[in-house]
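Biologist: I would like to go through the side-chain packing of this protein. Could you take me through the nonpolar core and then the aromatic rings?

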Amino acid sequence: MRLGSGLILELNRPLHDLLYEVYSSTLERQEFEHFKTLKVKVRNFDPIDDKYLTREYKREICLFLEVTYFQQGLRTWFETNDSCELELKSTNKDLD
């Protein structure tokens, strides 16, 4: 699985390791420099019994965590910028 940061996750690893990688990779993304000012940070995730989780479930959980952090980063960015312009670029040629 490839995260938005470009990091590739090996889904056969324990879930708590994957969650920490998603967390740390998302916080290091350049577009969210204000994450560096966080006063409370997660140091580790407790081990989770994931023997009944398929690779697909692990992928969905990791994706959910990444999207949640990403959305919080966007929300924080918009709240700290009084005047901002958002430029959306379409990658679908049919919409251009």
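Modeller: A nonpolar core is a set of buried Ala, Val, Leu, Ile, Met, Phe, Trp, Tyr and Cys residues joined through side-chain atoms within 4.5 Å. Please note that the model is predicted.

Biologist: How many residues does the largest nonpolar core have?

Modeller: The largest core has 12 residues. Among them are Leu3, Leu9, Leu18, Val22, Tyr23, Cys62 and Tyr69.

Biologist: And which helix gives the most to this core?

Modeller: Helix H1 does, with 6 residues. H1 and H2 each supply at least two.

Biologist: Why can Tyr23 count as buried?

Modeller: The relative accessible area of Tyr23 is 6%, and buried means under 20%, so Tyr23 qualifies.

Biologist: Turning to the rings, how many aromatic pairs are found?

Modeller: A search of the whole structure gives 3. In one of the pairs, Tyr20 and Phe45 are edge-to-face, at 6.5 Å centre to centre with 70° between the planes.

Biologist: What is the geometry of Tyr23 and Phe45?

Modeller: Their ring centres are 6.2 Å apart and the planes stand at 75°, so this pair is edge-to-face. Tyr23 is in H1 and Phe45 in the loop between H1 and H2, so the pair ties together parts 22 residues apart in sequence.

Biologist: Which residues form one aromatic cluster?

Modeller: Tyr20, Tyr23 and Phe45 do. Tyr20 is partly exposed, at 32% relative accessibility.

Key
Residues numbered from 1 in each chain as written. Predicted model: local features only at pLDDT ≥ 70, side-chain atom pairs only at ≥ 80, totals over all residues. Heavy atoms only, no water. Phe/Tyr/Trp six-rings, centres within 6.5 Å; stacked < 30°, edge-to-face > 60°. Buried < 20%, exposed > 50% of the residue type's maximum accessible area, 1.4 Å probe, protein only. Helix = DSSP H or I, 4+ residues; strand = E, 2+ residues; numbered from the N terminus.
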